[in-house]
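Thanks, everyone. Let me put the structure up and then walk through it.

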Amino acid sequence: MNDTRLIAARVIAGLQQGRGSLSRLLPWAEPQVGSRDRALLRELCYGTARKAPRLQLILDKLLRKPLKDDSGVLPALLLIGLYQLEYTRIPNHAAISATVEAGRSLRQTHATGLINGVLRNALRNREQLTRKLSGNPQFSSAHPIWLQQAIKQSWGDAAKQILSANNSNPPMTLRVNTIKSSRDDYLQQLNKANIVANPCRFSTVGIQLEQAVAVTQLPGFDDGLVSVQDESAQMAAQLLQPQAGDRVLDACAAPGGKTCHLLEQQANLQLVALDIEEQRLQRINDNLTRIGADAHVMCADAANPQSWWDGKPFDHILLDAPCSATGVIRRNPDIKLLRRQEDITELAKLQYKIIRALWPLLRPGGTLLYATCSIMPQENTQLMSRFIAEYKDASDNTPQYWHGEPWAKQQAAGMQILPEVGGGDGFYYTLLNKTG
């Protein structure tokens with residue numbers, strides 16, 4: 001088996017060079033290390049990506065000149081070394097020696113000496129480096145400058161909460177399949193299994209665990225009693241609320257969490273689930289099989305309905321639009337490395353193209369739920385305000401209260417959930433009615 005730190009460095013280098021996301025690179029990386037080392041591999045990859053903007057500043061101060069390494073693996077290995085010293089319980093001497101040992105495989109002259117020198121200097125000069133960098137917002141927030149500024153500009157005083165949430169480990173939240181069990185019954189099953197859990201505040205089927213566990217430890221997981229899904233994402237099916245016999249389109253469905261929730265909420269639906277990436281359709285089918293539900297799953301482009309639509313209007317459309325994913329950075333910390341400021345404008349163009357293409361597929365009197373896991377107003381309330389102004393048969397019908405209390409921040413159009421430490425992910429929703 002390969003050295004775990006070296007494989008982690010190749011993953012981080014892949015992120016930095018735009019060759020894929022953690023969700024694509026880790027399935028390649030995990031088989032290359034022993035099963036006992038996979039937890040460490042994930043910790044090094046996720047943790048280094050989460051802290052990369054801060055660690056990069058430290059590394060830049062410690063290097064006398066930029067490294068020449070087209071593969072990007074050596075600088076990535078140095079970041080992994082710094083992450084171990086700053087954020088893990090691995091003893092410093094063990095972290096340094098293991099990272100130096102990983103550097104031997106690079107077969108680069110002086111690589112091991114460089115790694116040893118940089119990491120030992122980081123330890124010796126930790127307080128001095130912190131003082132020098134403390135005024136840099138990239139250092140204090142562990143976010144790229146553009147992203148930190150965009151969050152502050154959009155959310156003002158709430159920016160500090162958002163940045164803290166982005167840098168935290170997310171809670172593990174479950175969605176109970178109420179066709180097979182009730183939330184109260186499942187809470188009792190968790191209690192018997194010595195898993196401490198509490199009901200979610202807004203989702204009527206949500207449960208949050210105090211400590212994450214492997215899904216194999218969850219009672220009845222393989223039998224579809226429960227699924228893993230953040231509370232904010234669970235609001236989609238609750239807001240759409242299709243009735244028996246309704247024809248429903250889940251327009252960007254993979255990996256199928258919201259598809260399954262809709263069918264758990266109302267089993268008797270004519271549900272079409274489509275996604276543009278064929279390899280992701282298997283995830284939808286696997287999830288449907290596990291909960292024992294059925295839908296018509298298609299590989300198709302939501303922005304090009306003429307290639308797949310049969311001409312029958314839908315009663316409800318769920319458009320969980322492709323977005324910047326800036327509301328789920330804590331679950332996908334590689335966003336800090338992959339996303340660029342100009343991406344937001346391009347994504348907003350794509351989102352507007354898709355919703356304009358889908359609107360004619362909705363029957364008069366029907367509802368379309370626009371959703372993103374973004375906190376950027378350009379992709380959310382600004383886009384929806386523009387759409388409502390352009391389409392006179394579209395009206396915002398998003399509820400402001402759930403169980404009698406505000407469940408998100410009211411916007412000019414729709415509602416915005418901001419990520420919270422220990423709470424839900426960042427999500428945006430607008431429920432549109434189509435007048436007839």
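Ground rules. This is a predicted model, so local features need pLDDT of at least 70 and side-chain atom pairs count only at pLDDT 80 or more, while totals for chains, interfaces and linings use all residues. Residues are numbered from 1 along each chain as its sequence is written, and side-chain values use heavy atoms, with hydrogens and water left out.

Helix packing. Helices (H or I, at least four residues) and strands (E, at least two) are DSSP runs, numbered from the N terminus. Two packed helices are described by the angle between their axes and the distance between the axes. Axes here are lines fitted to C-alpha atoms, for helices over the stretch in contact, and angles run from 0 to 180 degrees between N-to-C directions. H4 spans residues 73-87, and H5 spans residues 92-104. They pack at about 170°, axes 9 Å apart. H4 and H5 are therefore roughly antiparallel. The cut-offs: under 35 degrees is roughly parallel, over 145 roughly antiparallel, 65 to 115 roughly perpendicular, the rest oblique.

Which residues of H4 and H5 meet? From H4: Leu77, Gly81, Gln84 and Leu85. From H5: Asn92, Ala95, Ile96, Thr99, Ala102 and Gly103. Contact means heavy atoms within 4.5 Å. The residues of this H4 and H5 contact divide into five nonpolar, five polar and no charged. Nonpolar is Ala, Val, Leu, Ile, Met, Phe, Trp, Tyr, Cys and Pro; charged is Asp, Glu, Lys and Arg; the others, Gly among them, are polar.

Backbone next. The peptide bond from alanine 254 to proline 255 is cis, omega near 5°. Proline 255 sits in the loop between strand E5 (247-250) and helix H13 (257-265).

Now positive phi. Asparagine 194 is not a glycine, yet has a phi of about 60°. Its loop runs between helix H11 (183-192) and strand E2 (197-199). Asparagine 194 is exposed, at 70% relative accessible area. Buried means under 20%, exposed over 50%, partly exposed in between (1.4 Å probe, protein chains only). Glutamine 241 also has a positive phi, near 45°. Glutamine 241 lies in the loop between helix H12 (231-240) and E5. It counts as partly exposed, at 44%.

Two buried residues. Alanine 111 lies in helix H6 (residues 111-124) and is at 2% relative accessibility. Leaving out residues up to four places away in sequence, alanine 111 touches Leu74 and Gly103. Serine 227 is in strand E4 (residues 226-228), at 5%. What joins the side chains of serine 227 and arginine 290? A polar contact of 2.7 Å. That term means a pair of N or O atoms within 3.5 Å; within protein, one must be able to donate a hydrogen and the other to accept it, and residues adjacent in sequence count only if both atoms are side-chain atoms.

Last, the rings. The structure holds seven aromatic pairs. Rings of Phe, Tyr and Trp (its six-membered ring) pair if their centres lie within 6.5 Å; planes under 30 degrees apart are stacked, over 60 edge-to-face, the rest tilted. Tyrosine 352 and phenylalanine 387 are edge-to-face: 6.1 Å centre to centre, 80° between the planes. Both are buried. Phenylalanine 387 and tyrosine 391 are stacked, at 4.4 Å and 20°. Ring pairs link Tyr352, Trp359, Phe387 and Tyr391 into a cluster.
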